[in-house]
Amino acid sequence: MSSKKSKTSYVILGLLNEENLSGYEIKKIVDDRLSFFWNESFGQIYPELKRLTSEGLIAVCSAERPVHSKQSIKYEITEPGRLELQEWLKSPVEKELIRFEILLKLFFSNANSSATVLEHVKEFQTSHLRQQQLFQQFEAQLKQNMDVHSNHRQILMVLSFGQKMWEAYASWSKETIRLLEQDITAQEDYTDE
């Protein structure tokens, strides 16, 4: 197999293993279906498509070549690409990276007002509630079409993890908002004295 790949390459190979897609379609799937545990930008996807094509791991679909320059180029996985994906799937999982800016701001919030942090937590809560609702729609669609992909059971397992994560976000947000509101009330009572 070729040199160590970025995780973006495996996202692309995995999605192309299911169906032929354009760079735009790959980004949309990542945003709509994987965003609770993964993200990719167009600036990561398009250079990786070019690199994977040059390595022969994916190819431009000959049957779906665009007639006009405005149409999207669709890609398909090649047999070497499938082998690369299979090898990666067998390799040990690397340490997970966790980065939540909201937690970093809360950690250092003694340098600012509780009211500011409270607004950040409320925005976090609202944003994740919207994402959870989209996620629930996707899960409902999947359950209606159980035979579309051979890995439906695995996708539902991933979704189960996501649901539990959303529940934890909702619970944490609710508790943190309550505690911050108590802090603000205590601060106001202290300044009134």
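How many salt bridges does the count come to? The count comes to eleven, where a salt bridge is a side-chain nitrogen of Lys or Arg within 4 Å of a carboxyl oxygen of Asp or Glu. The model is predicted, and local features need pLDDT of at least 70, side-chain atom pairs count only at pLDDT 80 or more, while totals for chains, interfaces and linings use all residues. Residues are numbered from 1 along each chain as its sequence is written, and side-chain values use heavy atoms, with hydrogens and water left out.

One of these salt bridges joins the side chains of Glu 55 and Lys 5, at 2.8 Å from N to O. The pair links distant parts of the chain, 50 residues apart, with Glu 55 in the loop between helix 3 (42-54) and strand 2 (58-60) and Lys 5 in the segment before helix 1 (7-18); helices (H or I, at least four residues) and strands (E, at least two) are DSSP runs numbered from the N terminus. Lys 5 counts as buried because its relative accessibility is 5%, whereas Glu 55, at 31%, is partly exposed; buried means under 20% relative accessible area, exposed over 50%, and partly exposed in between, with a 1.4 Å probe and protein chains only. Both residues also belong to a network of salt bridges that links Lys 5, Glu 48, Arg 51 and Glu 55.

Within helix 2, the side chains of Asp 32 and Lys 28 meet in a salt bridge of 2.8 Å, N to O, and the two residues are separated by about one helical turn because they are four residues apart in that helix. Asp 32 is partly exposed at 41% relative accessibility, and Lys 28 is partly exposed at 42%.

A further salt bridge, between Glu 181 and Lys 122, has its closest N and O atoms 3.9 Å apart, and this pair links helix 7 (residues 152-192), which holds Glu 181, to helix 6, which holds Lys 122, 59 residues apart.

Helix 6 (114-144) and helix 2 (23-34) each supply at least two lining residues, and the largest share, six residues, comes from helix 6.
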